[in-house]
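Hello,

Here is the structure I promised to pass on to you. Have a look at it first, and then read on for my notes.

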Amino acid sequence: MAKKIQFGSRIGLIAATVGSAVGLGNIWRFPAEAQANGGAAFLLLYVACVFLLGIPVMVAEFALGRGTRSDAAGAFRILSQRSRWWITGALAILASYLILSFYMVVAGWTLEYFWQSLTGALYDIPEGASSDTASATFQHKMGEYITDSWRPLIATFAMIGINLFILMRGVRKGIEKMSNFMMPLLFLLLVAFACVAMTFPNASEGLAFFLKPDFSKITPTVAVNALGQAFFSLSLGMGILITYAGYFPKDTRLVKTAVTVSALDLLVAVLMGFIIFPAVMSFGLAGESLQGATLVFVTLPEVFAQLPASSLWSALFFLLLMVAALTSTISLGEVSVAFVQEHFKTTRRKACLWVLLPLFFLSSLCSLSQGPLSHISILGMNIFDFLDNMATNIMLPVAAILTCVFLGWATPRDFLKKQLENGGTIAAKSFPLILFIIRFAAPVLIALILMAKILG
């Protein structure tokens, strides 16, 4: 059954779709990847991957969603009624749900750190913690918090509740209204932090590392990592873009929308680079490894501790991070909500409850696996890391490859072209190039990413 609900305006459509792409992958994964892969060399390849490969695959997912007006699994079923291609959509839905289960935990961490920043508690040295260096202090605080039994659970449950409230309000009153407020706030905070970072004493050195490429550092490994980051940061293979495109009005220009969303998503990543690298170069942190949670919960609090009004800047940053986490979890949750509502013919309220209530259990397991349940091991990993590895490194690339193969080879020959023509727009001229990328370039290159992840 086709969806009748649509986004209410083009601004709302763009805000919601950008919000679905912009998230923790841009805020903490991109700086870490850039640092580990040569800075500007990685940035150059990343930009190329976004525009040459990311946008065509995004257009493909948009076409599936708008052309069928169904959920991520239903889109495949409608276009291939007597085949099992719907399993591709089901795989994307499962992957997005597993990601949602541990993203809720990280979202809870951002809420806790936002509160600690507001109260000033983050910058109080806890009794028994090493005070030799700021790094040791914040490392101690992070370890003490995430391994606690109850505090992370309370914050995680709060974020699940916020997601439930927004998703229950629906596409326009919930997702679109939230995005119209959250995305401008996120960009405003990013620009403010970037401006402050430009005043740091060694900002020029950080910008040189980030913007002046050393072409000798461009290697096959760096290229594979850049492509992986591009696909992850654009939320490809997660079912999100198919689901959201199901809410696009019929006259939405898919190529123009994909270019706009990708450019804004890229802008967020670049602004984070403008913030992180001047900061680490200016405060003696250049030798530290900017890895995931350590970057945002240890390294950046070190930076804020050396600024006037530390708690204020820290609160603003964790507000930014919380916004990014919330837009991510909302879009991930909507994938499953749309599927349940469509296939079980139930109300949106019931679909939201069916999807989010189990997270109180699944996300609890992910949270507790950092502490009380850390002894439980799956293939040598705790529950949190296992779900992260399985969903992001295995399931998402497989879903992305199958989506490209399906749209490139298994759908009616004129389906994609009609979606691009959109009543005669100029985007139809890009059809041959987009079709070539979807049929050949994207599947091969994503397969290389998958092999690289499997082989370590």
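Below is what I found, from the overall fold down to single residues.

First, the ground rules. This is a predicted model, in which local features need pLDDT of at least 70 and side-chain atom pairs count only at pLDDT 80 or more, while totals for chains, interfaces and linings use all residues. Residues are numbered from 1 along each chain as its sequence is written, and side-chain values use heavy atoms, with hydrogens and water left out.

**The overall picture**

The protein chain has 19 helices and zero strands; both are DSSP runs numbered from the N terminus, with helices being H or I of at least four residues and strands E of at least two. Its radius of gyration is 21 Å, close to the 23 Å that the globule rule gives for 456 residues, so the chain is as compact as a globular protein of that length. (That radius is taken over C-alpha atoms, and the globule rule is 2.2 Å times the number of residues to the power 0.38.) The C-alpha trace spans about 65 × 50 × 45 Å along its principal axes. Of the 456 residues, 59% are buried. Here buried means under 20% relative accessible area, exposed means over 50%, and partly exposed is in between, using a 1.4 Å probe and protein chains only.

**Salt bridges**

There are three salt bridges in the structure, each defined as a side-chain nitrogen of Lys or Arg within 4 Å of a carboxyl oxygen of Asp or Glu.

- R151 pairs with E112, their closest N and O atoms being 3.2 Å apart. R151 lies in helix 7 (residues 151-168) and E112 in helix 5 (residues 86-119), so this bridge ties together parts that are 39 residues apart in sequence. R151 is partly exposed at 33% relative accessibility, whereas E112 is buried at 14%.
- E334 pairs with R348, and here the closest N and O atoms are 2.5 Å apart. Since E334 belongs to helix 14 and R348 to helix 15, the pair ties together parts that are 14 residues apart in sequence. E334 is buried, with a relative accessible area of 0%, and R348 is buried at 12%.
- K418 and D414 meet through their side chains at 3.1 Å, N to O. K418 is exposed at 52% relative accessible area, and D414 is partly exposed at 37%.

A search of the whole structure finds 34 aromatic pairs, and one of them involves F344 and W354. Their ring centres are 6.1 Å apart and their planes are at 85°, so the pair is edge-to-face. F344 lies in the loop between helix 14 (310-343) and helix 15 (348-356), with W354 in helix 15, so the contact ties together parts that are 10 residues apart in sequence. For the cut-offs: rings of Phe, Tyr and Trp (its six-membered ring) pair if their centres lie within 6.5 Å, and planes under 30 degrees apart count as stacked, over 60 as edge-to-face and the rest as tilted. F344 is exposed, with a relative accessible area of 52%, while W354 is partly exposed at 46%.

K345 is found in the loop between helix 14 and helix 15. Its phi is near 50°, a positive value in a residue other than glycine, and K345 is exposed at 56% relative accessible area.

S235 also has a positive phi, near 65°, and is not a glycine. This residue sits in the loop between helix 10 (220-233) and helix 11 (240-245), and S235 is buried, with a relative accessible area of 4%.

**Charges over rings**

The charged end of R77 sits over the ring of W86, 5.0 Å from its centre. R439 does likewise with W409, its charged end being 4.3 Å from the ring centre. The criterion is NZ of Lys or CZ of Arg within 6 Å of the ring centre and within 35 degrees of the ring normal.

**A nonpolar patch**

Finally, V444, L448, M451, I454 and L455 make a nonpolar surface patch of about 530 Å². Patches are made of residues with over 30% relative accessible area and no salt bridge, joining like charges within 9 Å and nonpolar side chains (Val, Leu, Ile, Met, Phe, Trp, Tyr) within 5 Å. Accessible areas come from the Shrake-Rupley method with a 1.4 Å probe, and for residues only the protein chains shown count as cover.

Enjoy exploring!

Best wishes
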